[in-house]
Amino acid sequence: MASRNEILRTLNDWLAPQDFKDYCPNGLQVEGTEEVRTIVSGVTASRALVDAAIEADADMILVHHGYFWKGEDQAIRGMKRDRIKRLLEHDINLVAYHLPLDDHPEYGNNRQLADVLGFLNPRPLGGLVWQGELSAPMAPRAFAELIGERLARAPLWVGDGSAEISRVGWCTGAAQGFIGSALEAGLDAYISGEISEPTTHTARECGIHYYAAGHHATERYGVQALGRALEQAFGVSHRFIDCDNPV
């Protein structure tokens, strides 16, 4: 058992949310019980994840995508009401970290994706984009197959670039707009979660391979690493629940 407030202080020390200009509140979003025995982590605080956390008798849900996004309807009704009502009824804390979790040098989505895909020397390129190298050059199609195997989801591959890929840039989630950073750095390929209509033309005309590997698929790993760290630091139970999303 651990104190909710101690866990939150530790998370804020680790992730430093005050250093980010984000689109949602980072940290505690819905207050629940003061004492925490079981933490469930997941990518998004969907109704499916909330229900699974209730079934697991969780005291805290830790996610990357929480609630209260800028520009959304502020009224607590419909889907938002149903989710929050379930949390309050079962006294479950909802804790979310968005950009701070993307960029953390140890627990972040970008750092964790590098480990999953086996990139060497992963490091920030600029902004939220990271870069690294492959252990050996790969053909573009073979690289697509590697991504599909490691993430259990075949990526969408577009672009016309070099015959072999050695230097790679990436940013998890909906970061297709940062492809320019990879181009400026002269990288062979760029990976993100999603793709927009202009991304295809940029990749083809500017000579780079682009892999849209799935928003959900690329952002499954930060919350798991963070949950494991809390388990070790506080002696609480942690379980990751993957509510699949094809996007």
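# Exercises on a predicted model

The axes of helix α5 (residues 109-117) and helix α10 (residues 221-234) come within 8 Å and cross at roughly 100°. This is a predicted model in which local features need pLDDT of at least 70 and side-chain atom pairs count only at pLDDT 80 or more, while totals for chains, interfaces and linings use all residues. Residues are numbered from 1 along each chain as its sequence is written, and side-chain values use heavy atoms, with hydrogens and water left out.

Helices (H or I, at least four residues) and strands (E, at least two) are DSSP runs, numbered from the N terminus. Axes are lines fitted to C-alpha atoms, for helices over the stretch in contact, with angles from 0 to 180 degrees between N-to-C directions.

## Exercise 1

Classify the crossing of α5 and α10, and list the residues that make the contact.

Step 1. Angles under 35 degrees count as roughly parallel, over 145 as roughly antiparallel, 65 to 115 as roughly perpendicular and the rest as oblique. The two axes cross at roughly 100°, and α5 and α10 are therefore roughly perpendicular to each other.

Step 2. With contact meaning heavy atoms within 4.5 Å, α5 contributes Asn109, Gln112, Leu113 and Val116, and α10 contributes Tyr221, Gly222, Ala225 and Arg228.

Step 3. These contact residues divide into four nonpolar, three polar and one charged. Here Ala, Val, Leu, Ile, Met, Phe, Trp, Tyr, Cys and Pro count as nonpolar, Asp, Glu, Lys and Arg as charged, and the others, Gly among them, as polar.

## Exercise 2

Determine whether glutamine 112 is buried or exposed, and name its contacts beyond its sequence neighbours.

Step 1. Buried means under 20% relative accessible area, exposed over 50%, and partly exposed in between (1.4 Å probe, protein chains only). Glutamine 112, in helix α5, has 12% relative accessibility and so counts as buried.

Step 2. Leaving aside neighbours within four places in sequence, glutamine 112 touches Glu106, Tyr107, Tyr221, Gly222, Ala225 and Arg228.

Step 3. The buried residues of α5 are Asn109, Asn110, Gln112, Leu113, Ala114 and Leu117. After α5 comes glycine 118, with a positive phi near 75°.

## Exercise 3

Describe the pairing and burial of strand β12 (residues 209-212).

Step 1. Two strands pair if DSSP finds at least two bridges between them. Strand β9 (residues 156-158) pairs with β12 in the antiparallel sense over three bridges, and valine 158 stands opposite tyrosine 210.

Step 2. Strand β11 (residues 189-192) pairs with β12 in the parallel sense over four bridges, with alanine 189 opposite histidine 209.

Step 3. Both faces of β12 are covered: His209 and Tyr211 are buried on one side, Tyr210 and Ala212 on the other.

## Exercise 4

Give the strand order of the five-stranded open sheet and identify its edges.

Step 1. The order is β2-β6-β5-β4-β13, with mixed pairing.

Step 2. β2 (27-30) and β13 (237-240) each have a single partner strand, so one side of each lacks a neighbour in the sheet. Neighbouring strands are turned by 30° against each other on average, direction ignored.

Step 3. Within the sheet, β4 (residues 38-44) and β5 (residues 60-65) pair in the parallel sense over five bridges. Helix α2 (residues 47-55) lies across β4 and β5, at about 165° to β4.

## Exercise 5

Explain why the disulfide count is zero.

Step 1. A disulfide is a pair of cysteine sulfur atoms within 2.5 Å.

Step 2. The closest cysteine sulfur to that of cysteine 24 is in cysteine 171, 15 Å away, too far for a bond. By this rule the count is zero disulfides.
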